[in-house]
Amino acid sequence: MKLILMRHGFAGIPKDVHVTNWKWSKENLERPLLPEGRAGAKAIARWMLDHDQIPTRIEHSPTSRTTETAKIVGKILRVPVIENQNLFIDKPVDQYIKRLADDKSNKRVMLVGHSDNIPPALRMLNWVQDKFEVDQFATAELRVIDIDRKTYSWDELLRVLPSDAGAEDLY
């Protein structure tokens, strides 16, 4: 199964970063993309279109920044965009990816999530291969991986930074 992973576009630093539970604050969860974030999402979507990396659907976390990123990409690629609670910041996304892989009808699905849940999921999935290193994702970065449906381990097929698509790399 081909899985296309994307971190949301750039949304800047949360205003309430000094609040104890800033990750779960309404202000953080509702942070919209900044112009640079929209530009990164559009550039990656155009790259996907030009390189025939079109998913059958896009699923995204329920935060504002992932929703906006997914809608930008979905509009350009003309594919359905679906909010998915399994992709929320604190969810173990590796378990959801396993469920996706178990469904043989899933050939190429795109997930838009966060730096808090995508890299840990990738580390957990590759425990069989002892590949625990996962490079940091830039905002709006795209990775295409091939998931083994039996072991759930994966191999990276493509990695596209926003700068590869004409936008700025931001972390």
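A salt bridge is a side-chain nitrogen of Lys or Arg within 4 Å of a carboxyl oxygen of Asp or Glu. Begin the tour by selecting Arg57 and Glu59, whose side chains form such a pair at 2.6 Å, N to O. Both Glu59 and Arg57 are buried, a term for under 20% relative accessible area, with exposed meaning over 50% and partly exposed the range in between (1.4 Å probe, protein chains only). The structure holds seven salt bridges.

The model is predicted, so local features need pLDDT of at least 70 and side-chain atom pairs count only at pLDDT 80 or more, while totals for chains, interfaces and linings use all residues. Residues are numbered from 1 along each chain as its sequence is written, and side-chain values use heavy atoms, with hydrogens and water left out.

**The hairpin**

Next, select residues 142-147 and 154-160, which are strands β5 and β6. Helices (H or I, at least four residues) and strands (E, at least two) are DSSP runs, numbered from the N terminus. Two strands pair if DSSP finds at least two bridges between them; β5 and β6 do so in the antiparallel sense over six bridges. They form a hairpin with six residues between them, and Tyr152 in the turn has a positive phi of about 70°. Across the strands, Arg143 stands opposite Arg159 in β6.

Arg159 is partly exposed, because its relative accessibility is 31%. To see the whole network, select Asp135, Glu141, Arg143, Glu156 and Arg159, which are joined by salt bridges that share partners.

**The nonpolar core**

Of its 21 residues, select Leu3, Leu5, Ile97, Leu111, Leu122 and Ile147, which touch the most other members. At least two residues each come from β1 (2-7), α4, β4 (108-113), α5 and β5. The greatest contribution is that of α4, with five residues.

**A loop residue**

Select Ile89, in the loop between β3 (81-83) and α4 (93-102). Ile89 is buried because its relative accessible area is 4%. Its C-alpha atom is separated by 25 Å from that of Ser163, 74 residues away along the chain.

**The cavity**

Finally, select Phe10, Glu36, Gly37, Gly40, Thr139, Ala140, Pro162, Glu168 and Leu170, which line the largest cavity. A cavity is a set of points on a 1 Å grid over the protein atoms alone where a 1.4 Å probe fits but cannot get out, and lining residues have an atom within 4 Å of a point. How large is the volume of the largest cavity? It is about 40 Å³, where a volume is the space filled by probe spheres set on the points, and grid points are joined across faces, edges and corners.

Definitions and conventions
On a 1 Å grid over the protein atoms alone, a cavity is a set of points where a 1.4 Å probe fits but cannot get out, and a pocket is an open set with protein on both sides within 12 Å along at least five of seven lines; lining residues have an atom within 4 Å of a point. A nonpolar core is a set of buried Ala, Val, Leu, Ile, Met, Phe, Trp, Tyr and Cys residues joined through side-chain atoms within 4.5 Å.
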